[in-house]
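Thanks for coming. I will go through one structure today, starting with the overall layout and then moving to one pair of helices and a few single residues.

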Amino acid sequence: ITYETALASVDVFVAAVASLCGVDESAVSVVISQARRRHLSRRRLDDGETGSVKVEYTVAVETEYEAASASTLIEDSSPEDVSTAVNTAATKAGVDEEFADVETTAVGTPTTEVDDRCFFVRGTSQGSQFWTDGISLDDVGDNADEVFKCAAASLADVSPDRVELLKIEQGSPPMPQVIASFLIAVSGEAQALAVQRRLAGPPPPPPPVSPP
């Protein structure tokens, strides 16, 4: 495989690493570069014939348990296992011919790092999976703060004490709608991205159609 082909096939390497680590592809990022044989990384996929193509990867997970699990899966993978994962991903992507001669010559020991930076994820009830069409602030009453705080925490799969309500307001007519804006404090970029995905959810259902 050439360096140019590898660059054009980033998704193949992402899929292969995700399969080997047992994670979703969205958790994987890779950096592809050329390297001389004497400078090969401990974590590499090397064609062994046309030069060295170095693929450095990062797997972002939410917990130390998930990090340990992914590390163990990689450590237990042989070069043959890695080659199989790459070839399978290439076949699914329809580029199996370009990867036919790729061979993995070594699988290094991964390292783990804890990302304890604080991230704030902003969300609204209107843009998330839970909707409040058909009710007004009067219907919610004095329990509005607690209701929306617990709803946001449940949707994001975090503790309610990580949710800060910013604003609760009445939506525009003709259909009554209560809209809550909130911030969710999380630790680490991986958890922030996971919370964002949970808040996005599937598109909301269309409003009901009134009978003629």
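In what order do the elements of the protein chain run from the N terminus on? The order is α-α-β-β-α-α-β-α-α-β-β-α. Please keep in mind that this is a predicted model. The secondary structure comes to seven helices and five strands. Of the 212 residues in the protein chain, 38% are buried. On contacts, take those with a separation of 6 or more: 66% of them are between residues 24 or more positions apart.

Now to helix H2, which covers residues 10-21. At 1.5 Å a residue, its 12 residues should span 16 Å, and the end C-alpha atoms are 17 Å apart, so the two values agree. Is H2 largely enclosed or largely open to the outside? Nine of its 12 residues are buried, so H2 is largely enclosed by the rest of the structure. The buried ones are Val12, Phe13, Val14, Ala15, Ala16, Val17, Ala18, Leu20 and Cys21. Just after the helix comes Gly22, with a positive phi of about 70°.

Next, the partner. Helix H4 takes in residues 79-93, and its axis comes within 8 Å of the axis of H2, the two crossing at roughly 130°. That angle makes H2 oblique to H4. The crossing is right-handed.

Which residues meet there? From H2 there are Val12, Ala15, Ala16 and Leu20. From H4 there are Asp81, Val82, Ala85, Val86, Ala89, Ala90 and Ala93. Sorted by class, this contact has 10 nonpolar residues, no polar ones and one charged one.

Ser77 sits in the loop between helix H3, residues 64-75, and H4. Its relative accessible area is 11%, and since buried means under 20%, Ser77 is buried. Setting aside neighbours within four places in sequence, Ser77 is in contact with Leu20, Val82 and Val107. Leu20 and Val82 have come up already, as residues of the contact of H2 with H4.

The other one is Ala100, in the loop between H4 and strand S3, which is 118-124. Is Ala100 buried or exposed? With a relative accessible area of 53%, Ala100 is exposed, given that the cut-off for exposed is over 50%. From Ala100 to Ala90, the distance is 10 residues in sequence and 9.0 Å in space, C-alpha to C-alpha.

Further along the chain, a point on backbone geometry. Most residues other than glycine have a negative phi. Asp157 is not a glycine, yet its phi is positive, about 60°. Where does Asp157 lie? Its place is in the loop between helix H6, 144-156, and strand S4, 163-170. Asp157 is exposed, with a relative accessible area of 56%.

Last, a residue in helix H7, which covers residues 189-200: Gln191. Gln191 has a relative accessible area of 17% and is therefore buried. What does Gln191 touch, leaving aside its neighbours within four places in sequence? Gln191 is in contact with Glu62 and Val186.

To recap the helix pair: H2 and H4 cross at roughly 130°, and their contact has 10 nonpolar residues and one charged residue. That is what I had.

Methods
Residues numbered from 1 in each chain as written. Predicted model: local features only at pLDDT ≥ 70, side-chain atom pairs only at ≥ 80, totals over all residues. Heavy atoms only, no water. Axes fitted to C-alpha atoms, helices over the stretch in contact; angles between N-to-C directions. Helix = DSSP H or I, 4+ residues; strand = E, 2+ residues; numbered from the N terminus. Parallel < 35°, antiparallel > 145°, perpendicular 65-115°, else oblique. Left-handed = near helix turned anticlockwise from the far one by under 90°. Contact = heavy atoms within 4.5 Å. Nonpolar A, V, L, I, M, F, W, Y, C, P; charged D, E, K, R; others polar. Expected span 1.5 Å × (residues − 1). Buried < 20%, exposed > 50% of the residue type's maximum accessible area, 1.4 Å probe, protein only.
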